[in-house]
Amino acid sequence: MKVDILIIGAGPAGMAAALAAAPSGARIAVLDDNPAAGGQIWRDGPQAHLPPLAREHRRRLEAQANIELLPATRVVALAGPKALLVEDPEQGRVIAYDKLILCTGARELLLPFPGWTLPGVTGAGGLQALIKGGMPVAGERIVIAGSGPLLLASAATAKENGAQVVSITEQASWSALVGFAAQLPRWPHKLLQSFCLFHPGYRANSHVVEALGDGRLEAVRLNSGGQIREIACDRLACGFGLIPNLQLGQALGCRIDNNAITVDAWQATSLADHYAAGESTGFGGSEKALVEGAIAGHAAVGERDAAQRLWPQRQRWHGFASALNATFALRDEVKNLAKPDTLICRCEDVPLAAVTDHQGWSQAKMASRCGMGACQGRICGGAAQALFGWQPAAPRPPFSPARIGTLLHLQ
């Protein structure tokens, strides 16, 4: 298969990139490992309520004859210059391209703390995805803890589906939140959104200490302004921010700085004919992703005037991103919740004490098997980076589990 533009990721950035490039007539393919376009932020499912903007983007994508959507498809390996080996449920194949736009998004940062492996403990975004996918939560008592606006969004999804959200525990201080709120009139839509997501159980300057239970979660111990309290609950959802999905960008050789793919004003990476947009270039929400995706799409087909007209809009949402990231930066006490016997790698049952004396990720991995389990370090690797500053090594193919028949395409 050969295309003019291949877009990896069908979230807001990938959708916007495809729609911006489509009027040029270029042959475009949009690949995503989810069964439907929307990414994590516009994730579909039996109990999902997509916003009008998401439905409109999906409708416009489906109406474009020169855009081919490739759902439930993953990148397995590089297959030569400007070619990727991909796999869907039916087949593996090589896709060659002239231009590539990376819109690979991000995943949740999960930090270890005592009891975090108990059944009933999930990520905040994970809880939201499970509910949208059909998991019943009606009548359940849920505590949501961590940092950032995702906590409120997850709480809203749980409440809409009949759960009792008994507490939202935010680690940022009240003063930081007040300063952030004072800036929100610069982005009126975000100000309105904050009112809609308000919850009476919201507590700042608070964080989870321990999940309690015998074989399953029964309660959670919280530190609220220095005071310890316990809350009985059926589920605990913790989200400590996001980790950009940089693996494909690293494998391709794109420059990475400050845990993000480096791009110029045209969203071009350090690698010729390769662009990036959205959370992989820095966190900032769907609005930032949409405008960056549109700039990348226009730039990829040579429409520089159209791309440049979007620069002021991008600058506006970069300002929001800066305020957001400064407000919800993790405090040291939240990064140090784990005890020596707390598992850091839940796949291989590796406790924190087994890795703390090592100098880097590779050494810890060889000595303890940390990161060698089913998730291949997607959970513990992010935690180790947050806790110790260890930088992950460049990924080796296959980037995800693949069938033997798919790998034979590399011959």
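1. Ground rules. This is a predicted model, in which local features need pLDDT of at least 70 and side-chain atom pairs count only at pLDDT 80 or more, while totals for chains, interfaces and linings use all residues. Residues are numbered from 1 along each chain as its sequence is written, and side-chain values use heavy atoms, with hydrogens and water left out.

2. Overall make-up. The chain has 14 helices and 21 strands; these are DSSP runs, with helices being H or I of at least four residues and strands being E of at least two, numbered from the N terminus. The radius of gyration is 21 Å, close to the 22 Å from the globule rule for 411 residues, so the chain is as compact as a globular protein of that length. For the record, that radius is taken over C-alpha atoms, and the globule rule is 2.2 Å times the number of residues to the power 0.38. Along the principal axes, the C-alpha atoms fill a box of roughly 60 × 50 × 35 Å.

3. Of the 411 residues, 52% count as buried (buried is under 20% relative accessible area, exposed over 50%, partly exposed in between, with a 1.4 Å probe and protein chains only). The accessible surface comes to about 18200 Å², and carbon and sulfur atoms hold 54% of that (Shrake-Rupley method, 1.4 Å probe; for residues, only the protein chains shown count as cover). As for contacts, meaning heavy atoms within 4.5 Å, 65% of those between residues at least 6 apart in sequence join residues at least 24 apart.

4. Charges. There are 37 positive and 34 negative charges, and their mean positions are 3 Å apart. Lys and Arg count as positive and Asp and Glu as negative, leaving out His and the chain ends; each charge is placed at NZ of Lys, CZ of Arg, CG of Asp or CD of Glu.

5. The parallel sheet. Five strands make an open sheet in the order S8-S15-S9-S10-S11, with parallel pairing (two strands pair if DSSP finds at least two bridges between them). At the edges sit S8 (121-123) and S11 (202-203), each pairing on one side only. Three bridges link S8 to S15 (residues 235-239), and Thr 122 has Ala 237 of S15 as its bridge partner.

6. S12 runs antiparallel to S13, joined by six bridges, and His 207 stands opposite Asn 223 in S13. The hairpin of S12 and S13 has six residues between the strands, with Gly 215 at a positive phi near 85°. S13 (residues 219-224) is also joined by six bridges to S14 (residues 227-232), again antiparallel. Here Ser 224 is partnered by Gln 227 in S14, two residues separate the strands, and Gly 225 takes a positive phi near 60°.

7. The S4-S5 hairpin. Four bridges join S4 to S5 in an antiparallel pair, and Leu 78 is opposite Leu 84 in S5. The hairpin has four residues between its strands, and Gly 80 in the turn has a positive phi of about 115°. Lys 82, in the loop between S4 (74-78) and S5 (83-87), also has a positive phi, about 55°, although it is not a glycine. Lys 82 is partly exposed, at 30% relative accessible area.

8. Another one to check by eye. Most residues other than glycine have a negative phi, and most peptide bonds are trans. Gln 376 has a positive phi of about 55° although it is not a glycine. Gln 376 sits in the loop between H12 (361-368) and H13 and is exposed, with a relative accessible area of 56%.

9. The H13-H14 loop. Which two residues does a cis peptide bond join? They are Pro 397 and Pro 398, with omega about -5°; Pro 398 lies in the loop between H13 and H14. Ser 400 is in the loop between H13 (380-388) and H14 (404-407) and is buried, at 12% relative accessible area. Leaving aside residues up to four places away in sequence, Ser 400 touches Arg 74, Val 75 and Val 76.

10. Gly 25. This residue is in the loop between H1 (12-21) and S2 (28-31) and is exposed, with a relative accessible area of 53%. Gly 25 and Gln 64 are 39 residues apart in sequence and 9.7 Å apart in space, C-alpha to C-alpha.
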